[in-house]
Amino acid sequence: MAGGDAAFEKGLPANLEAERGILGTCQGGDTEDLEYVMSHIRETDFSIEKHRRIFLTCRGLHEAGKPVDRVMLITALRDKNHLESVDGMAYLLDLDAIPKNRGMLENYCRVLRVNAIRRMAILEAEKLQGLAFSGGDTDEIISTLQRASESLSGQKLESGSGMLRVDEI
């Protein structure tokens with residue numbers, strides 16, 4: 001999601017505690033939990049920039065085959081000169097203190113995805129509203145609506161034994 005933390009500041013759907021819980025799990029060193037997060041969460045699911053940056057750094061470590069733990073995360077962020085932009089070592093240590101269990105992780109991931117989809121829908125609706133109110137070309141309005149619909153219908157949520165389409169929830 002473009003726009004840094006503007007979406008969060010606008011009051012769009014977000015749950016910072018769920019985001020923090022997921023990031024704390026990522027740096028917890030449990031490979032199975034990390035795999036779960038990496039397969040269910042996208043960078044754009046996070047509502048604020050520092051959380052996206054931490055997540056991308058965890059993903060980069062993971063994809064490079066390096067361990068993802070507090071020490072490696074701090075080192076990677078420091079090497080990229082991003083440590084201060086995520087509120088420093090103290091913030092990462094606070095994330096690590098969040099209790100971790102698989103059931104909560106799955107719930108946090110679902111909350112994050114639901115909020116991301118809702119933010120996306122709201123932002124797309126604002127775009128359409130702007131076009132319509134500004135007297136935009138009807139072909140452009142319809143084309144924008146179709147692209148938004150396709151984008152949203154491609155979003156998936158895990159529920160129980162399978163994935164649900166947004167229009168099914």
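**Helix H3 and its surroundings in a predicted model**

Q: At the start of H3, which residue has the backbone nitrogen that a side-chain oxygen of Asp30 reaches to within 2.9 Å?
A: This structure is a predicted model. At the start of H3, the side chain of Asp30 brings an oxygen to within 2.9 Å of a backbone nitrogen. That nitrogen belongs to Glu32.

Q: Is Asp33 buried or exposed?
A: Asp33 lies in helix H3, which covers residues 31-40. Its relative accessibility is 11%. A residue counts as buried when this value is under 20%. Because Asp33 is at 11%, it counts as buried.

Q: Which residues does Asp33 touch, not counting residues up to four places away in sequence?
A: A contact requires heavy atoms within 4.5 Å. With residues up to four places away in sequence left out, Asp33 touches Thr25, Arg102 and Leu105.

Q: Which residues in H3 are buried?
A: Helix H3 spans residues 31-40. Asp33, described above as buried at 11% relative accessibility, belongs to the list. The buried residues in H3 are Asp33, Leu34, Tyr36, Val37 and Met38.

Q: How many helices and strands does the protein chain have?
A: Read along the sequence, the chain follows the pattern α-α-α-α-α-α-α-α-β-β. Counted by type, the elements are 8 helices and 2 strands.

Q: Among contacts between residues at least 6 apart in sequence, what percentage join residues at least 24 apart?
A: The protein chain has 169 residues, of which 36% count as buried. Among its contacts between residues at least 6 apart in sequence, the share joining residues at least 24 apart is 68%.

Terms used. Residues are numbered from 1 along each chain as its sequence is written. This is a predicted model: local features need pLDDT of at least 70, side-chain atom pairs count only at pLDDT 80 or more; totals for chains, interfaces and linings use all residues. Side-chain values use heavy atoms; hydrogens and water are left out. Helices (H or I, at least four residues) and strands (E, at least two) are DSSP runs, numbered from the N terminus. Buried means under 20% relative accessible area, exposed over 50%, partly exposed in between (1.4 Å probe, protein chains only). A polar contact is a pair of N or O atoms within 3.5 Å; within protein, one must be able to donate a hydrogen and the other to accept it, and residues adjacent in sequence count only if both atoms are side-chain atoms.
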